[in-house]
Amino acid sequence: MTPREIIAEAWAITRREKPLRRWGIASSFLETLFATKLLIYQVWFLVSYLQGRPIGFFDDFLWLSAHVSTTALVTIVTVFLVLLAIEWIFPNLARGAIIGLAAKSHRKEEVKGGLVLAIYNFFPMLGLHELFVLASLANTVTIVSLILRYITGDVKFAMIGFVAFFWLISNVLKFMASFAEPAVVVKRVSIFAGLGSSFKMILSYLNHVMFLWLLLLVITIRVAFNALLVLLIPAIAVGIGILFAHILSPLYALLIGIGIGVILLFVASYFFAYLHVFKEAVWTVTYFELKKHRDLLVIEE
């Protein structure tokens, strides 16, 4: 298949298969929710840092304890921690399901068994994700925030440069490992075997530059829209919360703002799900197509 045909096939799979979109919606919602909470916290820290009074790690809980009862505080903290665990676990479950179901759809098989694929591939997907933990902008921002908060002197700026360098290297390595996840899910190989296979395939077929440009363009558009949404939703939620704060108590105004923000996140996640599933489908279909060719390292069968 040509790159144009691969793109068309991946988009057809995305539009045709509802199970993939359901996994994509849930995963996109949780990922965007996590990024939004992180952005709100980092903006709060940045404002306090510029004012010369950096917030502590538990200042948000101290603020809550001063405004709500002990029972409400325990409930809020418990829900927050449970939600944080779900946001960490579920995207790795969804990734295995989306790749496996996309592979079945491409092979014209019945698209079912998403839960089994998700559970069976959870630990490999988690391992591959954690290998490139610094490739995540959210994680990198968090590390930089911790450095600014707890490291004193000029050495902290050198450490920030070091983190930025590893962020760049991690993204290059993550790109080279683009076929590792399809290899693990489809061929059921180990993580390191999948990484080796991905590196070899990327290097062998790097001349398909047009296809890679198209794919990277789609990913860039997704990231740009995601970043825009992450910036807009907290602003809308905070604005509504401030508006209601003049009428209701701070706690009720906060809950209303959070509720509206969650609704906006869910609506946006429906659209992000298409791009999320499409990206995984493109890599999966491409993996199948490149595996049809003989390994370039093999000279004689």
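Is Glu280 buried or exposed? Glu280 is buried, at a relative accessible area of 5%, where buried denotes under 20% relative accessible area, exposed over 50%, and partly exposed the range in between (1.4 Å probe, protein chains only). The model is predicted, so local features need pLDDT of at least 70 and side-chain atom pairs count only at pLDDT 80 or more, while totals for chains, interfaces and linings use all residues. Residues are numbered from 1 along each chain as its sequence is written, and side-chain values use heavy atoms, with hydrogens and water left out.

Side chains of opposite charge can pair when their charged atoms come close. The structure holds 5 salt bridges, each defined as a side-chain nitrogen of Lys or Arg within 4 Å of a carboxyl oxygen of Asp or Glu. One of them joins Lys279 to Glu280, with the closest N and O atoms 3.9 Å apart. Another links Glu109 and Arg107, at 3.0 Å from N to O; Glu109 is partly exposed, with 37% relative accessibility.

A further salt bridge pairs Arg95 with Glu181, for which the closest N and O atoms are 3.9 Å apart. Arg95 belongs to helix H4 (residues 70-106) and Glu181 to helix H9, so this pair ties together parts that are 86 residues apart in sequence. Helices here are DSSP runs (H or I, at least four residues), as are strands (E, at least two), numbered from the N terminus. Arg95 and Glu181 are both buried.

Helix H9 (residues 180-187) also packs against helix H6 (residues 122-131) in the sense that their axes come within 10 Å, crossing at roughly 165°. Axes are lines fitted to C-alpha atoms, for helices over the stretch in contact, and angles run from 0 to 180 degrees between N-to-C directions. H6 and H9 are therefore roughly antiparallel, a class that requires an angle over 145 degrees. The crossing of H6 past H9 is right-handed, meaning that the near helix is turned clockwise from the far one by less than a right angle.

Trp167 is found in H8 and is partly exposed, at a relative accessible area of 32%.

Technical notes: Angles under 35 degrees count as roughly parallel, over 145 as roughly antiparallel, 65 to 115 as roughly perpendicular and the rest as oblique.
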